[in-house]
Protein chains: 4
Amino acid sequence: MSSSPSSDDVRSYLFERNNWGRWGEHDERGAINLITPEKRLSALASVRTGETLSLSRPISTRASGNNPQPALHYVKTWHGSGDEVSPRSATAESGGFAADFYGVFYHGCSTTHLDALSHVWDEQGLYNNRDPADHITSDGVTFGGVQHWSSDIVTRAVLLDIPRYRGVDYVSVDSPVHGWELEGAARQQGVALTPGDAVCVYMGREKWQADNPDTLYGDHAAGERPGMHASCLPFLRDNDVSVLGWDMLDAKPWAYDVAFTVHGSIWAYGLALVDNMVLEPLAEACAARRAHDFMLLVAPLVVPGGTGSPVNPIALL
Amino acid sequence: MSSSPSSDDVRSYLFERNNWGRWGEHDERGAINLITPEKRLSALASVRTGETLSLSRPISTRASGNNPQPALHYVKTWHGSGDEVSPRSATAESGGFAADFYGVFYHGCSTTHLDALSHVWDEQGLYNNRDPADHITSDGVTFGGVQHWSSDIVTRAVLLDIPRYRGVDYVSVDSPVHGWELEGAARQQGVALTPGDAVCVYMGREKWQADNPDTLYGDHAAGERPGMHASCLPFLRDNDVSVLGWDMLDAKPWAYDVAFTVHGSIWAYGLALVDNMVLEPLAEACAARRAHDFMLLVAPLVVPGGTGSPVNPIALL
Amino acid sequence: MSSSPSSDDVRSYLFERNNWGRWGEHDERGAINLITPEKRLSALASVRTGETLSLSRPISTRASGNNPQPALHYVKTWHGSGDEVSPRSATAESGGFAADFYGVFYHGCSTTHLDALSHVWDEQGLYNNRDPADHITSDGVTFGGVQHWSSDIVTRAVLLDIPRYRGVDYVSVDSPVHGWELEGAARQQGVALTPGDAVCVYMGREKWQADNPDTLYGDHAAGERPGMHASCLPFLRDNDVSVLGWDMLDAKPWAYDVAFTVHGSIWAYGLALVDNMVLEPLAEACAARRAHDFMLLVAPLVVPGGTGSPVNPIALL
Amino acid sequence: MSSSPSSDDVRSYLFERNNWGRWGEHDERGAINLITPEKRLSALASVRTGETLSLSRPISTRASGNNPQPALHYVKTWHGSGDEVSPRSATAESGGFAADFYGVFYHGCSTTHLDALSHVWDEQGLYNNRDPADHITSDGVTFGGVQHWSSDIVTRAVLLDIPRYRGVDYVSVDSPVHGWELEGAARQQGVALTPGDAVCVYMGREKWQADNPDTLYGDHAAGERPGMHASCLPFLRDNDVSVLGWDMLDAKPWAYDVAFTVHGSIWAYGLALVDNMVLEPLAEACAARRAHDFMLLVAPLVVPGGTGSPVNPIALL
């Protein structure tokens, strides 16, 4: 019915249909501008039971092939409180407290995280015509930092369940998700997108990894991984999607002469991407309630000049 | 009208009125159990305009008297994408990406953060009759970790504006906030609490600090600081409060023979505390709209065995 | 010729022959007291050519089965100097500088490091009759911290080459190094120990790992690894060894009812251990020059309350 | 007797008298090439008593105006040993061990550290005609990394005691140390430099800071600080100095049109600089023994691609 786009098509998706200037030349919020107060008010209608789900993986301190830069977690313990405090092992004999350090290099394929507009660029630069050489420093970014989205990402979201649509357990390497499948899944699930929606695309990553233990999803050297195809870009642009949450990422190899395919929606359209979401329980819940829309809450840490944030996205059903 | 409680009173608030066992002897969620799906559904009525506010301070990498353990922020930059990637300064000439490391020792008086049930204990131990010697380790806690609240803290919240109630700019050292003032402020603002509500107590910390530059709020050695008095404990317990968010913390000195006064609500009642909130803009917004309730969203990082989390609380108005 | 000691023997080596009190009840320097200025002066005679070798592995930021807690390395770059400095990518067009953050959890089997007297204890406690509950805190130790050895570890050292003594490539799991072999190797190599010497025991770890790629030296769950046997303890004690440097560690399983076998020399005798040394090039150099003594320089980072330090031991030949 | 050099003079010191190409176009060791095995052998003659001194400051986890990026130190504790290990507070009842994480951003004015050849550059680039844009990445450097000096810095050193030469307590802002004073101090102390020597310049930093509590040595915004003047550059070059250790750094303001004055000796001459040494006890010891030469041992952590290393320099007297 449909066929893969040509390389010219994909470049056109990104370079000709970008959102640069759409919200002003100084804009640093991108497609998140589509999430207006009115949008949020109307999104309340998608809450039906008040149940919630965390869409975050646990942050892991264990190194593995899928987690090559494990998080740091150190707990310190003190005896006493108030003015008289001393470091001491925890004992009940008197009061005390514990406090911990978290360290996390959160981008990559392990931690659930938000990509800010400063995270990626292509040959023409960052979102809204900015030169990365001017704005990306080792001490933080001066354009497109995650702090611009501190209070914004509370909106209606739509779950698209690709394995259910296809009648399989998971998306595989030889069959990446195409744009027409996103449309088909939405239609099958009876859900229509409206501007400013977040889209969560479930692809069955955990089941895929369990069935493919020798091919690590996070192994960059592998050169291939299942996920979304460049043909999905027009869907995101045409529907004025604000946020893309997914469990799998861009399919590899991406086979087109661009730096990024679906991740290109960051610099081109100004999308907020939430990588490595846990979506299987949400997919099951949506199927059970026969409703695939809900409210999505993403509250990034307010790090000035950050290229994103580890996040714990919450679905309010 | 009212007078400060005696030391026996305060011990009674904490030790005799605790919530241990209320939600089962194995419970690790404490007062967050009060936030039911039904509670969340009814909380939707407190959303009026769809506007949002972040209640988080920016995470700061600059050391100061108020920030003795500054956060770490390091950005790495790569050239290319996909399979051919090399560390390189950011240039537009081809695609690339930036990714950063965050490190934060988030407890204390600087970072906006959530305290989990494992954060503090008194002479009788942790919440729900647990011995800290059994559960607090330098590698993480085995009871009351923050991961038990991953999807829970989405509820109705009430803002209590103490400076406005008192007709002053901020709470000062010689006049801590008492429990009867919390009741008075709620009455004056025309807002009633219901079980499972979060309470955000605005005390004017930023204005106080600006007027008292030589007394650092975060200086533990100072021995005194403005904030909430132990007499507030019954208010939290009687109203079945689930979450306490505040800009100032427990008033010091706390002058009672307990390890913690208001922070004692963690181990005694199972409350979730969100310390160092930014509440001034919220107080102004609530006054302007003449409505002091709203929805509060707190999405902690999912760190198994963590004693809390840096958070970006969002108010949905 | 010799046979393995009984469990009672090993307990006797550690518990009855300890050095507690030998240098005073307040001593925190242990066997390093044996390195006197006179010892160092006489050690100069072991320097023959002025050549040097680093005995350190590179610190690695790559996670692997042998390096489960990889080091952190982040570089920041600035443009300018003096008073006018801004974070910026490195360019030659004007001056600038780069500075980096190192983070390392250095104990374990990956990083070359020094163990301080506070690192391990057995049922009777830490070195010199100290209770770990009193001195080990999550914020640093208050007894036996590495800072007590800041300027001390400059002494004569003797290299014992076990594979050469045995005529094999490396020590294997089924044949740990016994005490009588240390004596035999010294005799064969024509080198005599004197009090205060450091002993470096080469066992061929890199060659062993290359031949045993599926058994990771650093895999604690494996339950077995090649290395030194508990029978080596009397050699260390009888010869008044000050420092033990080794490429392999205690052989596992250690099969005796003690918390540590060779590592027990820390709490029992007050030895300084330097784990994960690179000794193959040194062994080759010693064989070539037909002299197995040299000067060893170990300069730990001065971290007050540290349980050790990553180090770069240097052999001055 | 002497007068300050002109701006042209200083540029000439750095740009015309550089050591680029002196040890080959691929050299990454710079002036450390001057430390030959023969040099080290002859340096043994400067050891007289076998006493040692650590020239390192303690690494500090406390933030202050002089330590704006405090080190991290977290200790973890385990119960048991060998195969059965669990995180647990330290108790003597059975064996256990403690292990710690160190994190340090070591450049700046607080930590004693070594600057590698990749640390600074001027308008012509890095040492040996390298472009920083090619070699400095956020993931480590690819030229002039500290690992090239892993085993090298063991050499004769000369202590120059400027306060004693001047008859004052410390060097002050209005009177930076000039090159002719280095010569004068060496002459007065009766010590002659030979190629490959390290030079340690004592300027009295701790005493200066104690007398000037309101002017922080590490305050970059201050714009001025006592230290060594650009006129010292020829002394370093003419004497073929390999290492410069100092307690104060380049005097500020540096008043010349170069990116760095004395720090320029890194990129121009290939010198190894050891910043923030503790030299007062060494100065006293040298005066007492009436001998100002000794052996200096600097053992940097072996971090591939590092721009330097925190170090604990040891003087062997």
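How many salt bridges does the rule find across the interface of chain D and chain B? It finds two, a salt bridge being a side-chain nitrogen of Lys or Arg within 4 Å of a carboxyl oxygen of Asp or Glu.

This is a predicted model, in which local features need pLDDT of at least 70, side-chain atom pairs count only at pLDDT 80 or more, and totals for chains, interfaces and linings use all residues. Residues are numbered from 1 along each chain as its sequence is written, chains are lettered from A and ligands numbered from 1 in the order in which they are written, and side-chain values use heavy atoms, with hydrogens and water left out.

## Chain D and chain B

Six residue pairs across the interface of chain D and chain B are in polar contact, both residues being at pLDDT 80 or more. A polar contact is a pair of N or O atoms within 3.5 Å; within protein, one must be able to donate a hydrogen and the other to accept it, and residues adjacent in sequence count only if both atoms are side-chain atoms.

Three elements of chain D give two or more residues to the side that touches chain B: strand S2 (72-81), helix H3 (132-135) and strand S7 (136-137). Helices (H or I, at least four residues) and strands (E, at least two) are DSSP runs, numbered from the N terminus. S2(D) gives the most to that side, with five residues.

A rotation of 180° with 0.0 Å of shift along its axis superposes chain D on chain B, with an RMSD of 0.0 Å. This is therefore the relation of a two-fold axis. Copies are superposed by least squares on the C-alpha atoms of residues with pLDDT of at least 70 in both. D:Ala63 is the residue of chain D that comes closest to the rotation axis, with its C-alpha at 3.1 Å. Because 100% of the interface residues of chain D are also interface residues in chain B, the copies meet through the same surface.

## Chain A and chain B

| Chains | Residues in contact | Buried area | On carbon and sulfur atoms |
|---|---|---|---|
| A and B | 91 of chain A, 91 of chain B | about 6,700 Å² | 65% |
| D and B | 18 of chain D, 18 of chain B | about 1,400 Å² | 49% |

In chain A, the residues that lose the most area to chain B are A:Tyr102, A:Phe105 and A:Trp121, together 10% of what that side buries. Strand S4 (residues 96-105) of chain A supplies ten residues, the largest share of the side of chain A that touches chain B. Zero salt bridges are found by the rule across the interface of chain A and chain B, while 26 residue pairs are in polar contact there (both at pLDDT 80 or more).

Chain A can be laid on chain B by a turn of 180° and a shift of 0.0 Å along the axis, with an RMSD of 0.0 Å. The C-alpha of chain A nearest that axis belongs to A:Gly103, 2.0 Å from it. Here, too, 100% of the interface residues of chain A are also interface residues in chain B, so the copies meet through the same surface.

## The sheet of chain C

Chain C has an open sheet of nine strands with mixed pairing, in the order S1-S17-S15-S9-S10-S12-S14-S5-S16. Strand S1 (52-54) and strand S16 (308-310) of chain C are the edge strands, each pairing on one side only. Two strands pair if DSSP finds at least two bridges between them. The twist averages 25° from one strand to the next; axes are lines fitted to C-alpha atoms, for helices over the stretch in contact, and angles run from 0 to 180 degrees between N-to-C directions.

Helix H5 (residues 179-189) of chain C packs on the sheet and touches strand S9 (154-161) and strand S10 (198-202) of chain C, its direction making about 100° with that of S9(C). Helix H9 (residues 280-289) of chain C also packs on the sheet, touching S1, S9, S10, S15 and S17 of chain C, at about 85° to the direction of S9(C).

## Local features

Over all chains, a search of the whole structure finds 56 salt bridges. One joins A:Lys39 and A:Asp197, with the closest N and O atoms 2.5 Å apart. This pair links distant parts of the chain, 158 residues apart: A:Lys39 is in helix H2 (residues 37-43) of chain A, and A:Asp197 is in the loop between helix H5 (179-189) and strand S10 (198-202) of chain A.

The peptide bond from A:Lys252 to A:Pro253 is cis, with omega near -5°.

How values were computed
Contact means heavy atoms within 4.5 Å. Buried area is the accessible area (1.4 Å probe) that two parts lose on being put together, summed over both.
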